[in-house]
Amino acid sequence: MKTYNNLYDELCSFDNLMRAFKKARKGKSKKWYVKRFESNLENNLLQIKYELETLSYYPRPLKRFIIRDPKTRVIQASRFRDRVIHHALCNIIEPLFDKTFIYDSYANRKKKGTHAGLKRFDCFKRKVSDNGKLVRNAKDDNMVAGYVLKADIRHYFDRVDHEILLNIIKRKIRDEKVIWLVQKILDNHDSKILGRGMPIGNLTSQFFANVYLNELDYFVKHKLKAKYYLRYVDDFVILHKDKEVLENYKKQINEFLKAIKLELHPEKSRVLSLHNGISLLGFRVFYHYKLPRKSNIRKFEKRLDELTKDFKEGKINKEKFMESLEGWFAYAEWSNTYGYRNKVLREILKITIC
């Protein structure tokens with residue numbers, strides 16, 4: 001494995017910090033804290049540069065809040081200046097690790113994401129099922145088109161072991177100052193267990209999540225030699241014609257995960273028939289079609305009711321009303337919702353014309 005030294009000077013360079021600031025600002029340029037930072041941009045970046053170079057940098061305490069989307073999650077978000085440093089770190093080391101990741105790792109990577117993952121899953125299911133050919137299962141006499149192990153790692157972000165993660169990073173990064181910065185970022189987390197866990201809201205946590213589970217990816221691809229495998233953060237699927245093969249994979253994966261102090265979620269990790277469909281990347285995916293999750297539809301309809309009320313009371317105009325719905329329509333277009341979307345659009349037309 002190729003290793004890298006002398007990365008820290010580039011990490012601390014003003015050009016890299018400026019690039020990091022622009023990435024951290026993206027989509028948030030109207031936020032008050034971004035405007036305040038930008039109002040004295042050069043001095044703020046020079047101060048960060050000084051703290052990094054003198055190893056006197058200490059992250060600010062994380063801001064904690066709870067979201068329900070649909071399940072309850074505790075998010076711990078960093079202050080903006082710390083986010084700039086996270087981008088500065090990832091600018092330098094992420095490309096070095098990304099080239100070692102397997103092709104079918106889809107979270108937080110360029111030219112990947114949920115839609116690419118769904119397309120790849122569609123490709124895998126056609127290959128496993130010989131283009132949807134149903135065959136009779138001799139054991140239960142059901143007609144199946146192949147099987148999928150749909151798995152989830154239990155409390156993943158809370159259980160990542162810092163020592164194991166640092167040892168994985170050290171295999172490639174030999175620059176002690178970069179390791180010092182990684183350690184500082186990992187330590188800035190209010191964890192129930194010392195030396196465990198990462199805040200969900202950090203860019204670095206998303207990157208480290210891929211680094212940590214790259215170990216699993218290599219085990220599945222090179223030890224188990226599973227051909228049809230893809231992962232998105234702590235969710236992954238493996239497809240196969242034989243249900244027993246997948247059950248065996250599940251046992252071996254759980255044993256492997258124990259070595260890196262993780263485990264499969266016992267209720268969310270099951271072998272399912274492709275014909276019956278699975279929940280994947282925000283959709284209910286069946287063999288010939290996909291639908292939004294029912295919880296996402298309920299959330300959208302609740303949001304639509306709120307926007308309708310605000311529009312009728314004059315709190316928002318038509319432009320703001322439509323703008324607030326664009327994200328959901330973009331999501332829904334990736335599934336078989338043509339009739340439902342048209343129905344919603346007709347309702348919106350009645351609301352905005354009246």
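How do α8 and α9 run relative to each other, roughly parallel or roughly antiparallel? They are roughly antiparallel. Angles under 35 degrees count as roughly parallel, over 145 as roughly antiparallel, 65 to 115 as roughly perpendicular and the rest as oblique.

This is a predicted model, in which local features need pLDDT of at least 70 and side-chain atom pairs count only at pLDDT 80 or more, while totals for chains, interfaces and linings use all residues. Residues are numbered from 1 along each chain as its sequence is written, and side-chain values use heavy atoms, with hydrogens and water left out.

## Overall picture

The protein has 15 helices and eleven strands. Helices (H or I, at least four residues) and strands (E, at least two) are DSSP runs, numbered from the N terminus. The C-alpha trace spans about 70 × 65 × 35 Å along its principal axes. Of the 354 residues, 48% are buried. Buried means under 20% relative accessible area, exposed over 50%, and partly exposed in between (1.4 Å probe, protein chains only). Among contacts with a separation of 6 or more, 69% join residues 24 or more positions apart. A contact means heavy atoms within 4.5 Å.

## Two helix pairs

The table sets out the packing of two pairs. Axes are lines fitted to C-alpha atoms, for helices over the stretch in contact, and angles run from 0 to 180 degrees between N-to-C directions.

| Pair | Angle | Axis separation |
|---|---|---|
| α5 and α10 (residues 203-223) | about 20° | 10 Å |
| α8 (residues 162-172) and α9 | about 155° | 11 Å |

The α8 and α9 crossing is right-handed. From α8, the contact uses His162, Leu165, Leu166, Ile169 and Lys170. From α9, it uses Ile179, Val182, Gln183, Leu186 and Asp187.

With an angle of about 20°, α5 is roughly parallel to α10. α5 passes α10 in a left-handed crossing. A crossing is left-handed if the near helix is turned anticlockwise from the far one by less than a right angle, and right-handed if clockwise. On α5, the contact residues are His86, His87, Leu89, Cys90, Ile93, Glu94 and Phe97. On α10, they are Leu203, Thr204, Phe207, Phe208 and Val211.

## Helix α4 and its end

Helix α4 covers residues 41-53. Its 13 residues should span 18 Å at 1.5 Å a residue, and its end C-alpha atoms are 18 Å apart, which agrees. The expected span is 1.5 Å times one less than the number of residues.

Which residues of α4 are buried? They are Leu41, Leu45, Ile48, Glu51 and Leu52. These residues cover an arc of only 120° around the axis, so they sit on the same side of α4. The arc is that of the directions from the helix axis to the C-beta atoms. An α-helix has 3.6 residues a turn, so residues three or four places apart point the same way. The buried residues of α4 pack against α1 (8-12), α2 (14-25), α3 (32-39), α5 (80-98) and α9 (176-187).

Glu51 lies in this helix. Its relative accessible area is 11%, so Glu51 counts as buried. Beyond its neighbours within four places in sequence, Glu51 contacts Ser56, Tyr57 and Arg81.

Leu55 follows α4. It sits in the loop between α4 and β1 (63-68). Most residues other than glycine have a negative phi. Leu55 is partly exposed, at 35% relative accessibility.

## Asn108 and helix α6

Asn108 also has a positive phi, about 55°, although it is not a glycine. It is found in the loop between α5 and α6 (114-128). At 34% relative accessibility, Asn108 is partly exposed.

The 15 residues of α6 should span 21 Å at 1.5 Å a residue. The end C-alpha atoms of α6 are 21 Å apart, which agrees. Its buried residues are Gly117, Leu118, Phe121, Asp122, Cys123, Phe124, Lys125 and Val128. Their cover includes β5 (147-152), β6, β7 (235-240), β9 (278-280), β10 (283-285) and β11 (290-292). After α6 comes Asp130, with a positive phi near 55°.

## Tyr229

Tyr229 is in strand β6 (residues 228-232). Is Tyr229 buried or exposed? Tyr229 is buried, with a relative accessible area of 0%. Leaving aside neighbours within four places in sequence, its contacts include Phe124, Leu216, Val220, Phe236 and Ile238. Tyr229 and Leu149 are 80 residues apart along the chain, and their C-alpha atoms are separated by 9.3 Å.
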